[in-house]
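New notebook page, new structure. I'll jot down what I look up as I go.

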2 protein chains.
Amino acid sequence: MSSPLPSEKAFVPFVSVENMMRLVHHIGLETLLAELTDVIEADFRRWELFDKTPRVASHSREGVIELMPTSDGEIYSFKYVNGHPKNMAQGLQTVTAFGLLAEVSTGYPVLLTEMTLLTALRTAATSAMAARHLAPKGARTMAMIGNGAQAEFQALAMKAVCGIDHIRLFDIDPLATTKMVRNLSGSGLTVTACTSSQSAIEGADIITTCTADKQCATILTDNMIGAGVHINAIGGDCPGKTELHRDILLRADTFVEYPPQTRIEGEIQQMEPDYPVTELWKVITGQAEGRRTAGQITLFDSVGFAVEDFSALRYVRDRLKGTGFYQDLDIIADPDDPRDLFGMLQRAR
Amino acid sequence: MSSPLPSEKAFVPFVSVENMMRLVHHIGLETLLAELTDVIEADFRRWELFDKTPRVASHSREGVIELMPTSDGEIYSFKYVNGHPKNMAQGLQTVTAFGLLAEVSTGYPVLLTEMTLLTALRTAATSAMAARHLAPKGARTMAMIGNGAQAEFQALAMKAVCGIDHIRLFDIDPLATTKMVRNLSGSGLTVTACTSSQSAIEGADIITTCTADKQCATILTDNMIGAGVHINAIGGDCPGKTELHRDILLRADTFVEYPPQTRIEGEIQQMEPDYPVTELWKVITGQAEGRRTAGQITLFDSVGFAVEDFSALRYVRDRLKGTGFYQDLDIIADPDDPRDLFGMLQRAR
């Protein structure tokens, strides 16, 4: 009478790390970064539509585990992501993640995917989107302070989206810089390894900071920062973790994703609660000014927000079609009669 | 130099719906319900240790999607669960769920599992745990109002844990009752199908209400409830969704899981914000009284809390060992050098 086989609705497409890598190479990394930048920007244009909440964080001595949900009323997404700076010493990733899309109308998941790689991609695309609106015109050189897992993605997104062709590197660990130089050989970028932050930022139009120490560090001080640069501050992204001296903030105009979250997690956690910031989506929709003058210092105080993950998940879902780069996961119990969960269990005996 | 194969840490054991059913039959359903009741009770005994927060809900016209995180400081868990009462008309489950365990020290997931079945099991086990402490001595008959997907699990948990041997059924849809009668044949329970709530609760020591309408319904009215019964109210579990007339609450002593969540979602959302309730964990640890007299009406205003999912996930993880009822999911990117995510991607080309 009843089939013991799960129906189609019971299966959720799952993108493993291996399949995500296949998808990236299938599309091409720089093409993907450019497309993803546009998808994120399209969602920032309809920012007001989203159900927004600061991420739900569970802090421990070693790190943090976060859930980042959002919804546009039709699709719901969330990401699971951790941040454990000491993981690296054990040979583990500082940040790992996975995420999900679901239909709002039924609550049924429609995509489950690794998001460690995807988070690196969307973070780079978000930086590029901000720089497209805030960086000085004709910017060609970026300094990259912190040469860890996120760094190459930042460099290539800035190349693909903003026309950056020269990257100047610094990391307190020279091996990280060596790794990045190696990885970017053949990328078409001119890459210069530097021995100090000071030297790395010489002549840079964009300065990206992406370091992982969970503490209030001062990667950049005020006297290092010349007029007209755009600072893309990625690493200060949880309470007690900042990278910039507050004097830099006082000279810069600060742009943020979602103020209630950034005031807790971003560089501006150093400032008073009503410290003036501009929401990036307002710059993108033309409701607020971005860069006004050539001498202005712009700061994108980036912490990463759920809408960017939503965009990335939506992009993967669309780009996955017809590729076969996924497997069907039997994660939803789907009895023939929805009230007969018990009967489904009994028949499986 | 670097292996393209992911390391062991990159794989997360995944329990599909099919494997969950295998595990249930391997252990035996009633044995599992009894063991799970004890595991949940053990976690309720160390209630104060848990990082607790009301679930993070995303409400829509059609239903709700929720994330339910918690942690005991060593293990972190969360569940994704939806509630869409109208799904049933489309042949879909009202409630589907999946969940995850992770190490707090690294943030790395250690188990991903279906939780549609597991939620039914843990909800039944939690009801049985509460009844074990609150139901009248020697209770043998339970009325089951609402004969949907959760109902048989409730009946068998009450049998396995509390010695219930007679179940009296009512549902506004007689087909649901027919299904439940069929499913419980051979279970060892005496099952009586009734044509009204009034008739179902005749002679019942425990009354379980488990209906799915997302509205303030009145499944039970005050004049129906005799002295001394234990009411196990499962269905009122989100804002605007209740099952009991408030006059019943006024005659009963109310026991809850986590007051900040129950006051939003439970039967007591009908009452003033400081309406007196007793936390169930305090009864279990002996810090508060449960049932004091034979004539007292006890009410477990159950909404389902994250700690119960934590217990269920922990139980599955322990019971999974050596069974092979899981598959390894490549969900965590794990490059040889944790800073070299990009190199891992490049080598996969």
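**Before starting.** I'm working with a predicted model here.

**Helix α4 of chain A.** I looked up residues 151–162 and found twelve residues in this helix. From its first C-alpha to its last, α4(A) reaches 16 Å, close to the 16 Å expected at 1.5 Å a residue.

I noted some of the buried ones, among them Phe153(A), Leu156(A), Met158(A) and Val161(A). Glu152(A) and Gln154(A) are on the buried list too. Just past the helix, I saw that Gly163(A) takes a positive phi of about 75°.

**Chain A against chain B.** How many residues does each chain bring to the contact? I get 76 residues from chain A and 76 residues from chain B. The area buried between chain A and chain B comes to about 6,900 Å², and carbon and sulfur atoms give 68% of that. Arg339(A), Phe342(A) and Leu345(A) stand out: they supply 12% of the area chain A buries against chain B, more than any other three residues.

**Polar links.** I counted four salt bridges between the two chains. One I looked up joins the side chains of Arg182(A) and Asp340(B), at 3.7 Å, N to O. The interface also has 32 residue pairs in polar contact. Helix α11 (residues 341–347) of chain A gives the largest share of chain A's side, six residues. By class, I wrote down 40 nonpolar, 21 polar and 15 charged residues for the side of chain A that touches chain B.

Key:
Residues numbered from 1 in each chain as written. Chains lettered and ligands numbered in written order. Predicted model: local features only at pLDDT ≥ 70, side-chain atom pairs only at ≥ 80, totals over all residues. Heavy atoms only, no water. Helix = DSSP H or I, 4+ residues; strand = E, 2+ residues; numbered from the N terminus. Expected span 1.5 Å × (residues − 1). Buried < 20%, exposed > 50% of the residue type's maximum accessible area, 1.4 Å probe, protein only. Contact = heavy atoms within 4.5 Å. Buried area = accessible area lost by both parts, 1.4 Å probe. Polar contact = N/O pair within 3.5 Å; in protein donor to acceptor, adjacent residues only side chain to side chain. Nonpolar A, V, L, I, M, F, W, Y, C, P; charged D, E, K, R; others polar.
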